[in-house]
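This report considers the nonpolar cores, one set of paired strands and the aromatic contacts of the model shown below.

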Amino acid sequence: MNASDTPVRRHSATKHTAALLGGVLLAVLTGCGTPAEKGNTEAAVPSGSAKPAPSGRAKSELPGMPPVLDAKDVYAADRPGKLSPVVKDFPSRVYVPNTNSDTVSVIDPATYKVIETIKVGRQPQHVVPSWDLKTLWVNNDIGDSLTAIDPATGKAGRTVPVSDPYNLYFTPDGKYAVVMASMDRELVFRDAHTMKTAKTVPVSCAGVNHADFSMDGRYFIVSCEFSGELLKVDTARMKVVGQQKLPFEGAMPQDVKLSPDGGTFYIADMIANGVWVLDGKRFTTPKLLPTGKGAHGLYVSRDSKEMYISNRGEGSISVFDFAQRKPVKKWHLPKGGSPDMGGVSTDGKVLWLSGRYNSEVYAIDTSSGKLLARIPVGSGPHGLAVYPQPGRYSLGHTGVFR
């Protein structure tokens with residue numbers, strides 16, 4: 001590990017002082033974000049969304065969660081062009097949070113041009129679609145706030161005070177937002193609309209950052225990047241029910257993604273240079289599958305057959321085949337780059353990724369791996385959101401739709 005890859009930890013009390021380091025921080029960023037420690041009411045599917053087929057309902061689903069469409073494919077609602085009526089009239093845009101510039105660059109994917117730059121709070125980490133698909137939340141981590149963007153107009157709205165919102169997820173029933181408070185060492189369950197705190201769950205691991213939910217919504221897996229650990233959290237009880245240390249010295253887990261059949265969780269690890277394969281139900285020791293240096297983001301293709309893995313440390317994307325359970329291709333960015341977080345276009349033809357250390361965004365052809373565009377943006381682009389995307393509701397992050 002190079003000196004610039006060494007994890008830097010700072011107490012939450014110092015986070016505003018640390019923010020003044022600006023561009024200096026970017027050079028020592030280690031994980032996905034800032035190198036720091038820092039009775040169920042049934043919810044309806046977003047208004048106008050297609051009604052799910054009852055036959056696809058999984059057993060013992062979280063009460064209030066929209067029924068699974070296909071018990072063999074959790075991403076069945078994410079097919080090309082299958083937009084919810086809630087978002088069908090939203091303009092197609094790519095929203096890029098620039099961590100060091102404290103801005104969000106808005107890209108028109110049709111022209112590959114930045115058409116607007118929105119000023120937001122300090123150190124925006126991710127742009128997160130709300131559960132009901134109506135709002136995009138900018139996670140201003142050091143700014144201790146969330147800025148709402150109206151995806152119908154692309155304009156910023158209210159800013160809500162929220163402590164240490166490094167990342168943001170939503171419970172499958174739509175009741176709660178789950179704030180990944182990395183520096184505060186907490187999982188904070190908040191009302192999904194008002195963001196008022198419902199329950200704060202302290203954690204003993206360092207750097208909670210990414211997550212994904214089981215097919216039935218009953219639990220979710222969380223990665224802790226600075227201590228190399230995984231958590232298993234009971235959704236309804238809002239309680240950590242499992243914790244384990246990854247069997248790799250210096251492990252730094254990042255993005256988490258559930259397999260289409262719901263049987264396996266994949267966790268990218270930028271130090272182990274691959275993805276961990278975890279049986280979420282049993283929560284036994286996962287196995288490491290090498291993919292590339294600095295494995296970071298995980299994105300499922302529109303047909304649920306493949307998963308794109310961004311290898312930030314080597315400027316490549318590995319293509320993982322779910323049926324074969326292994327990487328089958330690797331695409332290298334011409335002249336290198338630092339592919340980080342992003343999403344897949346509505347039609348599934350383009351993979352959009354931020355270039356974390358290169359102040360740019362990549363548009364990649366998913367049929368060939370060809371780089372279609374390299375778009376200059378602000379400093380430290382991170383968790384970009386492609387919006388709108390197919391799906392009935394959002395589980396958060398840069399767009400995990402079901």
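The largest nonpolar core has 65 residues, a core being a set of buried Ala, Val, Leu, Ile, Met, Phe, Trp, Tyr and Cys residues joined through side-chain atoms within 4.5 Å. Leu168, Phe170, Met180, Met195, Val208 and Phe220 have the most contacts inside this core. Strand β9 (residues 176-181) gives the most to it, with six residues. A second, separate core of 16 residues includes Val86, Val120, Leu133 and Phe401. Buried means under 20% relative accessible area, exposed over 50%, and partly exposed in between (1.4 Å probe, protein chains only).

The model is predicted: local features need pLDDT of at least 70, side-chain atom pairs count only at pLDDT 80 or more, and totals for chains, interfaces and linings use all residues. Residues are numbered from 1 along each chain as its sequence is written, and side-chain values use heavy atoms, with hydrogens and water left out.

Strand β10 (residues 186-191) pairs with two other strands, as tabulated; a pairing requires at least two DSSP bridges. Strands (E, at least two residues) are DSSP runs numbered from the N terminus.

| Strands | Sense | Bridges | Bridge partners |
|---|---|---|---|
| β9 and β10 | antiparallel | six | Met180 and Leu187 |

The hairpin of β9 and β10 has four residues between its strands, and Arg185 in the turn has a positive phi of about 55°. In the hairpin of β10 and β11, with five residues between the strands, Met195 takes a positive phi near 65°.

Asp191 belongs to β10 and is partly exposed, with a relative accessible area of 29%. Its side chain reaches the backbone nitrogen of His193 at 2.8 Å. Leaving aside residues up to four places away in sequence, Asp191 touches Lys175, Tyr176, Ala177 and Lys196, where contact means heavy atoms within 4.5 Å.

The structure holds twelve aromatic pairs. Rings of Phe, Tyr and Trp (its six-membered ring) pair if their centres lie within 6.5 Å; planes under 30 degrees apart count as stacked, over 60 as edge-to-face and the rest as tilted. Tyr112 and Trp352 form a tilted pair, 5.9 Å centre to centre with 40° between the planes. Because Tyr112 lies in the loop between β2 (103-108) and β3 (113-119) and Trp352 in strand β25 (residues 350-355), this pair ties together parts that are 240 residues apart in sequence. Tyr112 is partly exposed, at 29% relative accessible area, whereas Trp352 is buried, at 2%. Ring pairs also link Tyr176, Phe189, Phe213 and Phe220 into a cluster.

Notes
Polar contact = N/O pair within 3.5 Å; in protein donor to acceptor, adjacent residues only side chain to side chain.
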